[in-house]
Amino acid sequence: MSDAPELLPVEEARARILGLCTPLPTEWVPGDDALGRALAEDVPARRTLPPWDNSAMDGFAVRAQDLAAPLPVRLTVGETVFAGKRPTREVVPGTCARIMTGAPLPPGADAVVMRERTRAVPDAPDAVEILEAVGPGNFIRPRGEDAKEGALLLRRGTPLGIPELGLLWAQGQGTVPVPRRPRVAVLSTGDELCRVDEPPGDGIVDINAPALALAVRRAGGVPTLLGIARDTREAVQEALSRVDGFDVVLTSAGVSVGDHDFVKDALEALGVEQRFWRVAIKPGKPLVVGQRGATLFLGLPGNPTSSLVTFELFVRPALRRLLGLEDVEPPRVAGRLEGRLSKAPGLAHFVRVTATWRAGELWAKPLGTQTSGALRSAAAATHLLHFPRADSSLTDGSHVELLPLSWVA
Ligand SMILES: Nc1nc2c(c(=O)[nH]1)N[C@H]1C(S)=C(S)[C@@H](COP(=O)(O)OP(=O)(O)OC[C@H]3O[C@@H](n4cnc5c(N)ncnc54)[C@H](O)[C@@H]3O)O[C@H]1N2
Ligand code: MOO
Ligand SMILES: [Mg+2]
């Protein structure tokens, strides 16, 4: 069998998967649980913030016009205004108010002079000398610069980082509407597999299920381990029949053309409609994707690195879409290749590299063993280098596309 044109290009495979995903129903959660998720609805401001013009500095609230005279200008100090207090007096010509950062600007004042640009007057404790002229608005934080009541504060789909949550908290909003987290079932398949807490003998310890579960959690989903199914049609089918209520089912292994590769058959027997099988990539070629009702089935290849790479390229974007995030494509940065690479055309390779900044550019050095079974180079990798499908060689210094990995520590 050749690596022929029936293999889907990576971009098309991802587009087809994303076409099967829409944001999940909304739930209201406390801000800390909303971190990294997307807003499910537009959020208008409930309050105008800041609620009043206020000072950006510790200093003196003045009438800018008063400072047009030759410097220094001596002013009479009225009250002192602190954050948390309201001013009680108007600043009239020839006077000022001592003011602290965050305190409301008294009426009459239109500028603030910072304390360092003033001087106390030894014999006149009620006076201050202003050493610089400033224009109106100097060091004033205007009412409403952060939020205006009734106006849009954050748009639906906005990813909630820490400052976004801060904006919502400042509005007195402690819970946030977000699409609920995807529930993801994770199944390993293979006669050779044992759990990490079992004596392995000459078996192979199941890495994929716990690794994928962590990747799911890091991507914002809620993983449930379904255990290990043995390599019979019946066992795989039985395990996959227990997936009601899951949004996504991830399996690993059993998707290639081996005599014991039963995942595709089991999905078919369970009424899962196969959307496609096999992508023009290495690692990860035998990926199979299906759908039944609202549940998405992703059969990842068994080699541990293949399952992690296909998670990055296909599963993480799908989970992000279910979470209502709009920017779901794997992130990419421009880099340069350190060394050379060659391959046969036909498959896009995603090469494990370590990338380091030198002279303003990100230089990517391919790691040793790149076979799909080898996890050692995945462990050291910071990025995947995209070696395009049609190319057969990349020379030293080539401009390349690098995908930062979500699995790094
Ligand atoms: N004739 C062909 N053979 C293969 C092809 C092909 O196109 N034609 N594709 C190869 C590629 S590419 C991959 S990737 C693998 C995918 O194989 P499967 O998804 O069917 O997985 P298995 O055959 O069951 O296992 C592969 C390998 O991975 C190890 N494994 C499986 N599960 C786990 C786990 N949970 N933890 C750790 N290691 C696991 C398993 O022991 C095997 O070594 O097929 C190629 N063959
Ligand atoms: O695609 Mo397989 O994942 O190359 O080993
Ligand atoms: Mg196989």
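Predicted model: local features only at pLDDT ≥ 70, side-chain atom pairs only at ≥ 80, totals over all residues.

Trainee: Switching to the ligands, how many residues surround ligand 1, and which are the closest?

Mentor: Ligand 1 is surrounded by 27 residues, of which the closest are Asn208, Ala253, Ser256, Pro301 and Gly302. The elements giving two or more residues to this shell are helix H4 (208-218) and helix H7 (304-322). Sorted by class, the shell around ligand 1 holds 11 nonpolar, 12 polar and 4 charged residues.

Trainee: What's the backbone doing at alanine 253?

Mentor: Alanine 253 has a phi near 75 degrees, which is a positive value in a residue other than glycine. Alanine 253 sits in the loop between S17 and helix H6 (263-269).

Trainee: OK, and which residues are around ligand 2?

Mentor: Around ligand 2 you find Lys282, Pro283, Gly284, Lys285, Pro301, Asn303, Ser306 and Ser372. That shell divides into 2 nonpolar, 4 polar and 2 charged residues.

Trainee: Is the peptide bond from lysine 282 to proline 283 cis or trans?

Mentor: The bond from lysine 282 to proline 283 is cis, with omega near -5 degrees. Proline 283 belongs to the loop between strand S19 (281-282) and S20. A cis peptide bond also joins leucine 71 and proline 72, where omega is about -10 degrees, and proline 72 is found in the loop between strand S4 (59-62) and strand S5 (73-81).

Trainee: Let's do sheets. What's the order of the one with S17 and S21 in it?

Mentor: The order in that open sheet of 6 strands is S16-S13-S17-S21-S20-S18, and the pairing is mixed. At its edges are strand S16 (222-229) and strand S18 (273-277), each pairing on one side only. From one strand to the next, the twist averages 20 degrees.

Trainee: How does S18 join S20?

Mentor: S18 and strand S20 (residues 288-292) run antiparallel and are joined by 4 bridges, and within S20 it is glycine 290 that stands opposite glutamine 274.

Trainee: Where does H7 lie?

Mentor: Helix H7 lies across strand S17 (248-252) and strand S21 (295-300), and it runs at about 160 degrees to S21.

Trainee: What about the sheet with S5 in it, what's the strand order there?

Mentor: That one is an open sheet of 6 strands in the order S7-S4-S6-S5-S9-S8, with mixed pairing. Strand S7 (111-114) and strand S8 (118-120) stand at the edges with a single partner strand each, so one side of each is left without a neighbour in the sheet. Ignoring direction, neighbouring strands of this sheet are turned by 40 degrees against each other on average.

Trainee: And which way does S6 run relative to S5, parallel or antiparallel?

Mentor: S5 and strand S6 (residues 95-99) run parallel and are joined by 4 bridges. Threonine 80 stands opposite arginine 98 in S6, while the bridge partner of valine 77 in S6 is cysteine 96. Between S5 and strand S9 (residues 127-130) there are 4 bridges as well, but those two strands run antiparallel, and valine 73 has isoleucine 130 of S9 as its bridge partner.

Trainee: Last one: what pairs with S28?

Mentor: Strand S22 (residues 333-337) pairs with strand S28 (residues 399-404) in the antiparallel sense over 4 bridges, with histidine 399 in S28 as the bridge partner of arginine 336. Strand S26 (residues 383-387) is likewise joined to S28 by 4 bridges and runs antiparallel to S28, and here histidine 386 has glutamate 401 of S28 as its bridge partner.

Terms used. Residues numbered from 1 in each chain as written. Chains lettered and ligands numbered in written order. Near = placed C-beta within 6 Å. Nonpolar A, V, L, I, M, F, W, Y, C, P; charged D, E, K, R; others polar. Pairing = 2+ DSSP bridges. Axes fitted to C-alpha atoms, helices over the stretch in contact; angles between N-to-C directions. Contact = placed C-beta atoms within 7 Å.
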